[in-house]
Amino acid sequence: MPKKIVVVGMGYVGIPVAVAFSMAGFNVIGINRSRKKVDQINKGISPIGGREPSLAPLLKKMVKARRLRASQDFKECVGAQAIIVAVQTPFNEEEERPDYSSLESAMNDIGANLSQGTIVVVESTISPGTIEGVVKPILESKSGLVAGEGFYLGTCPERVRPGRLLKNLIELDRVVGGYGEKSTKKMLSLYRFIVKGNLYGVDCLTAEVVKTVENAYRDAQIAFANEVAMICEALGVDVYKVRELVNKSPYRNMHMPGAGVGGHCLPKDSLLLAYSVAGKYKPMMLKVARDINDTMPLHLVNLVESSLSEIKMPIRGARIAILGLAYVGNSDDTRNTPAGPILKELEKMGAEVRVQDPYVKMFQGKKVSRRLREVLKGADCLVIVTDHDSYRKIGLKSIKNLMRTPIIIDGRNIFKKERCLREGLIYHGIGNL
Ligand code: SAJ
């Protein structure tokens, strides 16, 4: 009888994990609070949109083979070999602390159904010290078992990325942070079933720090690129040319400037890291990087406003076509997308905004058009917010013919400026005015 694994939280992390463990021969039950999502999965339908190679067909295959099913019932945790927790762990910026409501609720339900010898692994990104200070106490008090002895506990931070959810999970190296040696050993043997990359066994605090640091590091790298873009705008230099040549220098890896930093990782992980040392040390660079990245969406709006005023057109009543709502190219994920503040600001300024995205179906309660021509027709300004590959194929001539005023504001370096100017378009890109 294949051993049972329970995955709590069937989202961008939980679903690939559930598919991977069921493919490895385990009997997997995915627990989710949403009845709709449970029904979808049990019909063999993946709730994740965007381009996720092989995920949907594999989920369907595993459900059909009865190796994967979804449920709302935490009693499924009883007798599991392992319980993988992949619930959301957002950061409450107003209260300046993590919002662990989903994590705590899951731990209460798991604790009440925890069996002797089960391994509980948190894949969600958590502030360093959370396993010790939040997860362990709840599980121990609800189950009456002792962490590291009666049950095993740790964190194996996810390294998924929309567009490569299953690939990253299987191929990338992983840090496995156990609560005590026995937990680490148990987790290493568990993850060897699904991870082809290297596994690095450490204590859980180190694992929590590694995860938040790796994303804080990327956030700072992007902030550096955005700061250089602002300098290049002030100097009238093309930041992408600068970046290309800077990266010819050894050990340089300047990232891409852009319309902002979205997603469920980067915007919050440096805040989770800083939170872990509140009262002991006040990080400076993490905060500055966050502030720089958070100014980029509004900078894009400023470029829209200034490009319209160059042709004596007020932004009030101007028809703006926003291309891209997802936070990252070729995905339908809109969590913390820069498109949010951009839309809000443009509408506050009285612009008439229409949005298009090839993958996002609904956004802020509104249906999203897929039809590019419909959104571009009669527009005064086209704004690229997301680097979907499909945008690289748009014909410049058709843009010019469709739009009322041919202005392109490029937030993701999708178009070549020289080509746009040759076609008689007005072009301003972030870092490349
Ligand atoms: N972005 C830039 N410039 C860049 C890179 C990204 O502006 O040079 C923006 C993107 O447009 C997006 C945001 O930053 O709005 C985040 O992009 P991302 O490529 O970092 O995508 P994420 O957030 O899905 O990042 C995840 C992270 N993985 C995990 O947290 C498990 C990140 O650590 C990985 O480096 C990234 O995937 C990846 O490339 O795999």
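# A tour from the kink in α5

Select Lys136 in α5: a kink of about 35° lies here, shortly before the proline Pro137. The bend at a residue is the angle between axes fitted to the seven residues ending there and the seven starting there. This is a predicted model, in which local features need pLDDT of at least 70 and side-chain atom pairs count only at pLDDT 80 or more, while totals for chains, interfaces and linings use all residues. Residues are numbered from 1 along each chain as its sequence is written, and side-chain values use heavy atoms, with hydrogens and water left out.

**Helix α5**

Now show residues 130-143, the whole of α5. Helices (H or I, at least four residues) and strands (E, at least two) are DSSP runs, numbered from the N terminus. The 14 residues of α5 reach 18 Å from the first C-alpha to the last, close to the 20 Å expected at 1.5 Å a residue. The expected span is 1.5 Å times one less than the number of residues in the helix.

Which residues of α5 are buried? They are Thr130, Ile131, Val134, Val135, Lys136, Ile138, Leu139 and Ser143. Buried means under 20% relative accessible area, exposed over 50%, and partly exposed in between (1.4 Å probe, protein chains only). Display α4 (101-111), β7 (119-122), β8 (152-155) and α8 as well, as the buried residues of α5 pack against these elements.

A salt bridge is a side-chain nitrogen of Lys or Arg within 4 Å of a carboxyl oxygen of Asp or Glu. An α-helix has 3.6 residues a turn, so residues three or four places apart point the same way. Just after α5, Gly144 takes a positive phi of about 75°.

Step back to Pro128, in the loop between β7 and α5. At 10% relative accessibility, Pro128 is buried. Pro128 and Glu208 are 80 residues apart in sequence, yet their C-alpha atoms are 4.7 Å apart in space. Leaving aside neighbours within four places in sequence, Pro128 is in contact (heavy atoms within 4.5 Å) with Leu205, Glu208, Val209, Thr212, Leu272, Leu273 and Ser276.

With a relative accessible area of 31%, Val209 is partly exposed. Select Leu205, Val209, Val213 and Tyr217 together: they form a nonpolar patch on the surface, with about 350 Å² of accessible area in total. Patches are made of residues with over 30% relative accessible area and no salt bridge, like charges being joined within 9 Å and nonpolar side chains (Val, Leu, Ile, Met, Phe, Trp, Tyr) within 5 Å. Accessible areas come from the Shrake-Rupley method with a 1.4 Å probe, and for residues only the protein chains shown count as cover.

**Salt bridges across the chain**

How many salt bridges does a search of the whole structure find? The search finds 25.

- Lys211 and Glu158: their side chains meet in a salt bridge at 3.8 Å, N to O. Lys211 lies in helix α8 and Glu158 in the loop between β8 and α6 (165-171), so the pair ties together parts that are 53 residues apart in sequence. Lys211 is buried at 4% relative accessibility, and Glu158 is buried with a relative accessible area of 4%.
- Arg33 and Asp109: the salt bridge between their side chains is 3.0 Å, N to O. Arg33 is in the loop between β2 (27-31) and α2 (35-42) and Asp109 is in helix α4, 76 residues apart. Asp109 is partly exposed, with a relative accessible area of 25%.
- Glu347 and Lys366: their closest N and O atoms are 3.7 Å apart. Glu347 is in helix α12 (residues 339-348) and Lys366 in strand β14 (residues 366-367), 19 residues apart. Glu347 is partly exposed at 35%, and Lys366 is partly exposed at 49%.

**Tyr275**

Go to Tyr275 in helix α10 (residues 266-275). Is Tyr275 buried or partly exposed? Its relative accessible area is 35%, which means that Tyr275 is partly exposed. Pro98 is 177 residues from Tyr275 in sequence and 8.0 Å away in space, C-alpha to C-alpha. Beyond neighbours within four places in sequence, Tyr275 is in contact with Phe91, Glu96, Arg97, Pro98 and Ser127.

**Helix α11**

End at α11 (residues 285-310), where 26 residues reach 36 Å from the first C-alpha to the last, close to the 38 Å expected at 1.5 Å a residue. Select Pro297: α11 bends by about 35° there. Lys312 follows α11, with a positive phi near 55°.
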